[in-house]
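Good morning, and thank you for coming. Please look at the sequence and the structure as I bring them up, and we shall then go through the model part by part.

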Amino acid sequence: MLNLTKITKEIMVMKMDKNTKKSELEVKARQWLTERGVTLDDIAELVYYLQSSYHEDLSMEDCLENVDQVLTKREVQNAILTGIQLDKLAEQKLLDQPLQKTIETDESLYGVDEIIAFSIVNVYGSIGFTNYGYIDKQKPGILERLNDKSTGECHTFLDDIVGAIAAAASSRLAHATADTGLIEDNLG
Ligand SMILES: [Ca+2]
């Protein structure tokens, strides 16, 4: 017979390890987001914006938890570091032309910022794309500030990355709810 208490304990220890032992890549990715003025709460608010009408009793804690989990993915960390690095170099005018001008002015036909963001949206399957497209059009909350060109800051990559993290977290939330529903169905 299975020892459920032991298994539960082991799962808890595994979860603790996952939460406390962050890789250097993850620590850096989280740090750079903060340095560029994006908090996890900002992204959680976008998730709430996308999902509150689909989930009864959706809490900000649920949104935050899903954002946090998205940030544990290596693909996401790499996208964050790559995008922010290019934004920072463009801000400091350190890129070669014509790329400097392209990124600095956020030229609409460039598109590589969106391709990097897609690697994040992809992590939880294709349903993230609808959310990404929607939030990219609406630009609520933090996305409005990141798109404000009057600040002198460059967030050509970061705005798409933040939207993509919110979209991926929304997909994760939707999958998790579906899975819970399945378990409840089976138990009931
Ligand atoms: Ca962009």
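**Loops, helix packing and the core**

I begin with Pro98, which is found in the loop between H5 and helix H6, residues 99-104. The peptide bond that joins Gln97 to Pro98 is cis, and its omega is near 5°. As background, most residues other than glycine have a negative phi, and most peptide bonds are trans.

Before I continue, a word on the source. This is a predicted model, in which local features need pLDDT of at least 70, side-chain atom pairs count only at pLDDT 80 or more, and totals for chains, interfaces and linings use all residues. Residues are numbered from 1 along each chain as its sequence is written.

Let me turn to the overall composition. The protein chain has ten helices and zero strands. Helices (H or I, at least four residues) and strands (E, at least two) are DSSP runs, numbered from the N terminus. Along the sequence, the pattern reads α-α-α-α-α-α-α-α-α-α. Of the 188 residues in the protein chain, 32% are buried. A residue counts as buried if 20 or more other C-beta atoms lie within 10 Å of its own, as exposed if 12 or fewer do, and as partly exposed in between, with C-beta atoms placed from the backbone. Among contacts with a separation of 6 or more, 79% are accounted for by residues 24 or more positions apart. Two residues are in contact if their C-beta atoms, placed from the backbone, lie within 7 Å.

Next, the loops. Which residues other than glycine have a positive phi? Asp57 is one of them, with phi near 60°, and Lys139 is another, with phi of about 45°. Asp57 lies in the loop between H3 and H4, and Asp57 is exposed because 6 other C-beta atoms are within 10 Å. Lys139 is in the loop between H8 and H9; with 15 other C-beta atoms within 10 Å, Lys139 is partly exposed.

Now consider helix H2, residues 24-35. H2 has twelve residues and reaches 16 Å from its first C-alpha to its last, close to the 16 Å expected at 1.5 Å a residue; the expected span is 1.5 Å times one less than the number of residues. After H2 comes Gly37, whose phi is positive, near 85°. Gly37 sits in the loop between H2 and H3 and is partly exposed, with 14 other C-beta atoms within 10 Å. The C-alpha atoms of Gly37 and Leu146 are separated by 8.9 Å, although these residues are 109 residues apart along the chain.

I come to the helix packing. H2 and H5 pack at an angle of about 45°, and their axes are 9 Å apart. Axes are lines fitted to C-alpha atoms, for helices over the stretch in contact, and angles run from 0 to 180 degrees between N-to-C directions. H2 is therefore oblique to H5; angles under 35 degrees count as roughly parallel, over 145 as roughly antiparallel, 65 to 115 as roughly perpendicular and the rest as oblique. On the H2 side, the contact is made by Leu25, Glu26, Lys28, Ala29, Trp32 and Leu33, and on the H5 side by Arg74, Gln77, Ile80, Leu81 and Ile84.

How do H3 and H4 cross? Their axes come within 8 Å and cross at roughly 115°, so H3 and H4 are roughly perpendicular to each other. Residues in this contact include Ile43 and Val47 of H3 and Cys63 and Val67 of H4.

Finally, the core. The largest nonpolar core has 43 residues, of which Val47, Ile120, Ile161, Val162, Ile165, Ala166 and Ala168 touch the most other members. A nonpolar core is a set of buried Ala, Val, Leu, Ile, Met, Phe, Trp, Tyr and Cys residues joined through C-beta atoms within 7 Å. Which element gives the most to this core? H10 does, with eleven residues. Ile165 touches Ile43, Val67, Val70, Val76 and Ile120, not counting residues up to four places away in sequence.

Asp159 also belongs to helix H10 and is buried, with 23 other C-beta atoms within 10 Å. By the count that leaves out residues up to four places away in sequence, Asp159 touches Leu143, Leu146 and Asn147.
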